[in-house]
Amino acid sequence: MTAQSAKAAMEYVAANVRAGGSHGPLDAKPILSVLTQGCVESLTDMTHGGAKYNLWHLMGEAVANAADSLAVIKKFVYDEKRLNLPQMVEILKRDWAGEEGESLRLKCISEVPKFGNDIPYVDDIAKEMVDYFLQRAEFHGKKYPDFIFSPCIGTYSWIISIGKKIGASAEGRKAREPIAANLSPVPGRDVSGPTAAVRSYLKLNTAPMAAGAPIDLRVSSSGLEGEAGTKRVEGLIKAFLQEGGNMMTLTITSAEELRRAMAEPEKYRGLRVRMGGWSAYYVLLSRASQEIHLKRVEHGFA
C-alpha cells in the first residue's frame, strides 16, 4: 500500500462506516459484536460504528519485491547507467520478452543485492519505504480521531491472487507471478542463511504494526532432531524477539519431503506448513501454493 492509497483507504472506511456500515447497510456481525467492547452498550453493530474503538488495519504488501526492484533500478539505471528508466519501463511492459529481455532479467536476479541477506544496499531501501509508509499512515490517521488506523505488512494467503494483478517488476519477477509473502524475502533470494534473513528484517521498524509483519522461513529438519534441535529453534526465536522482531513463522521440513508429498499426497495427509499466518495441510494446497514453498530457501542450522 502506498501513502496515497493509505489516504484513500482511510477516507473510504470513514465515509462508509459513518454512512451506514463498513460492510454495507444490510450487513451485520451480531456474534462478534456481542463480544466487542462498546457494541452492547451502544446497541449498535460493530460494522456500523458501535465498538468503543474503531480499529482498521492498513496493510502493506510486496515490500521485498519493491525493495529488490528499486535496488535494481538504483544499480543499473543510476549507478552503472546500463540503461535508462524509460528503457527499463518498456522492458517490463513487454514482460522481459526476447533474448535481450531475458538476459537482463537474469542479471537483475544475480547481480544486484537482495533483501534477506543482510546487505545495506537493499535493506536501507526497504527501511526507507517502511518508514515512509508508517509516517504517512500516522499523518493521515490524525484526521480521523474516532478511528484507529494501524499499519501492518502482510499478505495472508493472497500472494498468488495479488501477483496475478501485477505486471513484471524490476527484480526479475514476471507478470502475474506471485509476490513475496508478508515481510519475507522474495522466495529463493535469501541465500545467506536464516540469521542474515532475520537481520535484514530487524532493520525495519515493525514496532507500530499491531496486526503483524511476519517473516516466513523454511528450515531444514536435518539437524533439528531431539532436544538439541529444539534448543536451536528456541534460540532463534528468542533472539528474534529480544532484538525486537514482530512475528516469525517457521516451516520445518525438507524439499525432498515436500516433493514426496506432491507425488503421494495420501501418505502425507498430516504434513503441515505455515501459510499466510496459519498452518495449512500441504497436500490440500493448490499446486501453485505448493510450488511457492518449494521455491523458498531451505535454511539450515549446521
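Biologist: In β4, which residue is the bridge partner of Ser220?

Modeller: This is a predicted model, in which local features need pLDDT of at least 70 and side-chain atom pairs count only at pLDDT 80 or more, whereas totals for chains, interfaces and linings use all residues. Residues are numbered from 1 along each chain as its sequence is written, and side-chain values use heavy atoms, with hydrogens and water left out. Helices (H or I, at least four residues) and strands (E, at least two) are DSSP runs numbered from the N terminus, and two strands pair if DSSP finds at least two bridges between them. β3 and β4 run parallel and are joined by 7 bridges, and in β4 the partner of Ser220 is Thr253.

Biologist: Which strands stand at the edges of the sheet?

Modeller: The open sheet consists of 3 strands in the order β4-β3-β7, with parallel pairing. Each edge strand has a single partner strand, so one side of each is left without a neighbour in the sheet. The edge strands are β4 (247-253) and β7 (298-299).

Biologist: What angle does the direction of helix α9 make with that of β3?

Modeller: Helix α9 (residues 194-202) packs on the sheet and touches β3, β4 and β7, where contact means heavy atoms within 4.5 Å. Axes are lines fitted to C-alpha atoms, for helices over the stretch in contact, and angles run from 0 to 180 degrees between N-to-C directions.

Biologist: Which residues of α9 are buried?

Modeller: Buried means under 20% relative accessible area, exposed over 50% and partly exposed in between (1.4 Å probe, protein chains only). The cover over these residues of α9 includes α7 (120-141), β3, α10 (226-242), β4 and β7. The buried residues are Pro194, Ala196, Ala197, Val198, Ser200 and Tyr201.

Biologist: How many residues of β3 are buried?

Modeller: In a regular strand the side chains alternate between the two faces of the sheet. From β3, Pro214, Asp216, Arg218 and Ser220 point one way, Ile215, Leu217 and Val219 point the other way, and all are buried. The count for β3 is therefore 7 of its 7 residues.

Biologist: Where does Trp96 lie, and how far is its C-alpha from that of Gly172?

Modeller: Trp96 is found in the loop between α5 (85-93) and α6 (98-110). Its relative accessible area is 2%, so Trp96 is buried. Leaving out residues up to four places away in sequence, Trp96 touches several residues, including Leu104, Arg105 and Gly172. Trp96 and Gly172 are 76 residues apart in sequence, and their C-alpha distance is 8.5 Å.

Biologist: What is the phi value of Leu43?

Modeller: Most residues other than glycine have a negative phi, and most peptide bonds are trans. Leu43 lies in the loop between α3 (39-42) and β1 (54-60) and, at 78% relative accessibility, counts as exposed. Leu43 is not a glycine, yet its phi is positive, near 55°.

Biologist: Are the rings of Phe147 and Phe149 stacked or edge-to-face?

Modeller: Rings of Phe, Tyr and Trp (its six-membered ring) pair if their centres lie within 6.5 Å; planes under 30 degrees apart count as stacked, over 60 as edge-to-face and the rest as tilted. The whole structure holds 4 aromatic pairs. The centres of Phe147 and Phe149 are 5.8 Å apart and the planes stand at 20°, so the pair is stacked.

Biologist: How far apart are the ring centres of Tyr156 and Trp158?

Modeller: Tyr156 is partly exposed, with a relative accessible area of 34%, and Trp158 is likewise partly exposed, at 40%. Their planes stand at 50°, so the pair is tilted, and the distance between the centres is 5.0 Å.
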